[in-house]
Structure formats: C-alpha cells, structure tokens
Amino acid sequence: MATLFQPILELWQRLTLGQRAGLILTIGIVAAVVAGAVSYTTRPVMTTLYTGLDQKDAAAVVDGLRDQDVPYEVSSDGSTIKVPKESVNSLRLNFADLGLPHSGEIGYELFDKPMLGMTDFVQKMNFHRALEGEIARTLMELDAVEGARVHLVLPTQRLFREDNKPATASVVLQLKGGASLSQRQVQAIANMTAYSVEGLETEYITIVDSHGNLLTSNARDDMAGLSSTQLEVQNSIETNLERKALTLLEDVLGPGKARVKVTAKLNWDRSERTTENYDPEQVATLSEEVQTVEGGENGNTEKIVTNYNVPRTVEKYVPETGNIERIWASVLIDGEYEETQAEDGTVTKAYKERSAEELAKFQTLVAGAIGIDPTRQDELTVLSFQFTEPESEQLAPTGGGLMTMLPKILEKVVLAVIIILIFLLAKSLLGKLSERVPALPGSAMTTAAGLPTGASAITGGAGGAHLTAGSSVPALSEGQVASHPIGVPGGQVVVEEQNSGGPKVTFRRKDQNIVIDEEGPSVETLKHQELVRRTTKYIEENPENAAQIMRSWILEVSS
C-alpha cells in the first residue's frame with residue numbers, strides 16, 4: 001500500500017503552498033459539481049397526489065408523508081401536494097384506508113352515517129351535494145382532466161307542466177398541462193352529465209375550462225354544430241388520401257422525396273326525391289262488368305265496364321351526405337442528383353429534373369391511389385422540383401414518446417458534458433503543476449547527480465543562470481556576479497564575467513566541473529543533456545524506483 005501511494009506523496013511534497021491550495025480547491029469544486037449534477041439527474045419525478053385540499057386535510061396528508069419518510073412538495077397556496085410518481089398509487093390507497101382526505105368532492109358516502117332528525121330540506125341538499133360530487137369524480141377519471149366542479153340546478157316539480165322549469169348544469173374542468181378536449185369529447189361529457197341527472201337535457205349544460213373558455217357550442221344552433229362536424233370529416237378524408245399517395249410514392253422514390261396535398265369537396269346537401277313511373281304498355285285487365293239497361297225503343301242495352309291495372313313504380317331517393325364531389329391534388333417530386341468528382345477529390349451534386357415519362361407514370365399511380373374520377377372533373381398535378389431540405393421530414397420526430405423522453409436525454413447529455421469539462425480542467429491543471437516541478441522526485445535528482453540529499457542544483461535560462469538551493473542557498477542571477485566562489489555542500493559555484501561580456505557559471509566539485517557558457521551551447525541544451533545523463537544514472541542505480549515511476553506515467557496516460 002505504501003508503494004502504491006509513494007509517487008503521490010512525493011508529488012505532494014514537491015508542490016509549493018500555493019499549488020497545494022489550488023489543487024485542494026480544484027478537487028473541492030469538482031466534487032461539488034459532480035455531487036450537484038448527480039443529485040439533479042437522480043431527483044424523483046414529482047406528480048400530483050391531491051389537489052383542492054383545505055388546510056386541515058393538507059396538514060393531515062403531510063403528516064402521513066413525514067411518518068412514511070416520503071419526499072413531497074406543497075404548492076404555494078397549500079392546496080396541492082406532489083409526491084414521487086412511482087409512489088402516488090400506493091400512497092392514495094394508504095390514505096384512502098385512513099379516510100383521507102376528508103375534503104374535496106363528497107359523494108354518496110355522505111349517507112353512510114345515519115343522521116337522525118334530518119329535515120326534508122337537508123336531505124335534498126345532501127343528495128344534491130352527493131350527486132355533484134359523484135359526477136365530478138367521474139369526470140376526473142378522464143386522462144385530460146385534472147380537476148372538475150359541477151353545479152346542478154334542480155327546480156321543484158310544479159303541479160302544471162307549463163309551470164315547470166328545466167334542470168340546468170354548469171361544469172368547470174381543470175385540464176392537465178398541454179391537454180385539450182375535442183368537440184366529440186366535450187359532447188360526450190355533456191351526454192354523460194345529462195344521463196346522470198333526471199330531467200336534464202344536453203342543451204341546458206354549459207362546460208367551461210379553468211381559463212374561462214367556453215367548450216360547449218350552442219346545441220340549439222344545428223348549423224354551427226354541423227359545420228364543425230363537416231370540417232372534421234373533410235380533414236380526415238384529405239389526410240387519408242394524402243397518406244395513401246405519399247406511402248406509394250415513398251416506396252418508389254424513398255423517404256422525403258415527395259410531397260402530396262389533397263383538397264376534397266364534399267356534398268352535404270340533404271335532398272329527398274320520390275318518383276312514380278307508369279308503364280302503359282304493360283296494362284293488365286283486372287275485371288270486366290256487363291251492365292244491362294232495360295227499356296227503350298231498341299230494347300235492352302248492354303254496357304261493358306272493364307277495370308284495368310296500370311303498373312306504377314314509386315322510387316324514393318335519399319342521397320348520403322358527405323360524398324366526395326370533387327378532388328384537387330398536387331404532387332411534388334424531388335429530382336435526381338448526379339455526383340461528379342473533380343480532380344482535387346471534391347464531390348459535387350448536380351440536380352436533374354424528372355422526365356415527362358416518369359411524371360406521367362407517377363401521375364397514373366397517384367390517380368389510382370386516391371381515386372381520381374374524370375367524370376367529376378377531378379384535377380391532379382404532378383411536378384418535379386428541387387427540395388431544399390429533402391431529409392427534413394425523415395429526421396423529424398414523429399412519436400410522442402420521444403418528446404416525453406427528451407428532457408431526460410438532455411439531462412444526461414448535460415451531465416456528460418459537465419463531467420468531460422471537469423476532467424479536462426483537472427488534467428490541464430495537473431499538467432501545469434507537473435511542468436513546474438522536476439520530472440523525477442527531488443531525492444532522485446540529487447542522487448542521480450551524485451549529490452547528497454539537500455544539495456543544490458544549477459538551472460539556466462535565457463535571462464541568465466541561477467542556483468536553486470534547498471532552503472538556505474539563495475538564487476543567483478546575472479546581477480549577482482561574484483568574483484569569489486560561493487560554497488555549497490559538495491562543491492562551489494563561481495559566477496564570473498568574460499571579456500565578451502557574457503556571464504560564465506561554473507560548478508566545481510571534486511569529481512566534475514559543469515560549465516555554462518553563454519557563447520557555447522545554449523542553457524536549454526546543456527540542461528537537457530545533463531537531465532538525460534542523470535536520469536540514465538538514476539535508472540542504473542535504482543531500477544525498482546524507476547520502474548515504479550514508469551508505471552505511474554503509463555497509468556496517467558492510459559486514464
């Protein structure tokens with residue numbers, strides 16, 4: 001274990017006080033950012049447990065959540081409580097077993113407890129409240145509805161029918177975020193409410209949303225309701241025809257290579273025709289009657305009466321509404337692209353329009369797919385154009401599931417980017433720190449140079465040469481020229497001026513002399529040569545330590 005952490009300890013000992021503080025601060029920032037990112041991405045998805053609670057019930061529910069150690073969120077008004085999505089169903093069952101919440105919509109459980117001495121008025125009011133609560137509960141079971149309030153007006157029955165007033169109802173719906181109700185769904189809610197209350201008709205029901213928008217149309221305006229239905233049917237037919245033609249073209253051309261738009265005119269005329277046809281050529285004799293008239297100068301006279309049956313055909317023709325009266329269709333087809341490679345290797349694409357023969361074939365295919373009828377004067381236009389973004393529709397998301405998962409995917413991507421940036425920052429900082437210290441530990445460098453531990457070493461730069469001592473020998477620069485030697489452990493350093501004006505630094509020792517001359521090789525070259533020599537000597541004398549240092553470098557590069 002000591003061998004494993006030895007390089008780290010040696011690196012830590014070689015850092016200055018400022019470098020140690022910077023490293024500790026960087027590690028702290030990295031740990032804080034990583035902890036915050038992990039906490040943000042792993043937080044639970046909260047969903048509504050109860051809404052519309054009064055303060056008493058909200059406090060009871062919050063106490064129950066605290067007892068079960070379940071995280072929760074309370075809205076600013078205290079009427080809505082949210083819990084993790086995976087726990088909402090089990091928590092509702094647990095609170096229902098405890099009889100919570102007491103507020104909200106009250107249903108028929110209002111009559112579970114016997115109430116002695118209840119007057120007829122109170123009995124009717126309780127029934128009224130229970131009926132409103134049960135209808136509201138049923139409406140909140142719909143996927144798009146988050147909350148509902150129902151108000152019923154049930155007039156007292158009068159003795160005479162002309163004195164009776166119709167029952168009315170008002171429904172307020174709180175829709176979920178991004179949800180909407182179609183006209184059919186609104187009509188279904190009105191029908192459900194009407195059949196839940198005796199004597200209530202759909203035309204006396206008003207439905208609005210929480211923003212005050214009227215959802216029900218005037219049921220007594222038959223033409224308005226019919227126009228809305230006609231528009232929905234027309235859009236459905238046009239979409240179906242476009243899908244048929246587009247599917248056929250994409251099977252031949254490929255995805256994103258064609259566009260189809262269809263406009264259909266439907267016949268909504270309501271007419272009833274009755275026709276009666278008589279065929280005189282097919283007359284049939286039903287009966288003949290001979291009548292004899294007595295008297296007269298000529299005696300008795302006979303009169304023959306013949307009854308004929310003339311065939312009659314009665315036809316009653318009631319055409320169906322919503323038949324297709326005429327179709328207009330437009331088809332755009334992308335052309336072909338020819339690739340050419342230049343001498344420099346660049347590839348260019350040249351657009352080429354479809355030929356007339358190809359367009360005629362596509363027109364025949366589309367006409368058969370959407371049912372073009374020349375007798376109705378249908379029109380079909382097929383043209384070839386260059387698309388600006390031929391793959392836009394192919395790459396566009398088509399499913400609602402992807403949109404639902406998009407926030408989670410973005411969270412993962414942001415977390416990955418943050419981790420990568422932190423890694424690059426830490427690596428850059430460690431790289432700068434390693435550039436400021438020797439490549440080998442200080443003890444190894446002094447050993448490789450043949451100096452005792454704590455001895456000085458000479459470094460040079462473009463501005464001159466200086467002596468780096470352990471703790472007691474100051475650094476020498478060009479301004480500190482001495483005509484006498486400066487003693488250091490194991491030898492002495494002499495800085496003297498030459499006739500050329502350049503400084504000459506000599507390190508004298510019993511077994512070697514290191515001379516740094518400005519007119520000779522550069523200081524960096526001498527430094528590199530000396531470093532290579534000392535490193536080679538250190539490896540020969542300390543192979544185990546050298547192998548350990550090499551392993552640490554390899555691990556750092558591989559990571």
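The buried residues of helix H5 pack against strand S4 (145-153), strand S5 (167-175) and helix H6 (183-196). Buried here means under 20% relative accessible area, exposed over 50%, and partly exposed in between, with a 1.4 Å probe and protein chains only. Packing rests on contact, that is, heavy atoms within 4.5 Å. This is a predicted model: local features need pLDDT of at least 70, side-chain atom pairs count only at pLDDT 80 or more, and totals for chains, interfaces and linings use all residues. Residues are numbered from 1 along each chain as its sequence is written, and side-chain values use heavy atoms, with hydrogens and water left out.

H5 covers residues 120-140. Its 21 residues reach 30 Å from first C-alpha to last, close to the 30 Å expected at 1.5 Å a residue. That expected span is 1.5 Å times one less than the number of residues. Helices (H or I, at least four residues) and strands (E, at least two) are DSSP runs, numbered from the N terminus. The buried set of H5 includes Ala130, Leu131, Ile135 and Leu139. Asn126, His128 and Glu132 are also among them.

Threonine 193 gives a view from helix H6. Its relative accessibility is 0%, so threonine 193 counts as buried. Beyond four places in sequence, threonine 193 touches Ile135, Ala169, Val171, Leu200 and Ile205. Ile135 is one of the buried residues of H5.

Next, a strand. Glutamate 339 lies in strand S13 (residues 336-341). Glutamate 339 counts as exposed because its relative accessible area is 56%. Leaving aside neighbours within four places in sequence, glutamate 339 is in contact with Val347, Thr348 and Lys349. Lysine 349 is 10 residues from glutamate 339 in sequence, and 4.5 Å away in space, C-alpha to C-alpha.

Helix H10 (residues 400-436) holds valine 417. With a relative accessible area of 42%, valine 417 is partly exposed. Val417 belongs to a nonpolar surface patch with Leu406, Ile409, Leu410, Val413, Ile420, Leu421, Phe423 and Leu424. Together they have about 800 Å² of accessible area.

Helix H12 (residues 523-541) contains glutamate 530. At 19% relative accessibility, glutamate 530 counts as buried. Its side chain makes a polar contact of 2.5 Å with that of arginine 533. Another, of 2.6 Å, joins the side chains of glutamate 530 and arginine 534. A polar contact is a pair of N or O atoms within 3.5 Å; within protein, one must be able to donate a hydrogen and the other to accept it, and residues adjacent in sequence count only if both atoms are side-chain atoms. An α-helix has 3.6 residues a turn, so residues three or four places apart point the same way.

How values were computed. Patches are made of residues with over 30% relative accessible area and no salt bridge: like charges are joined within 9 Å, nonpolar side chains (Val, Leu, Ile, Met, Phe, Trp, Tyr) within 5 Å. Accessible areas come from the Shrake-Rupley method with a 1.4 Å probe; for residues, only the protein chains shown count as cover. A salt bridge is a side-chain nitrogen of Lys or Arg within 4 Å of a carboxyl oxygen of Asp or Glu.
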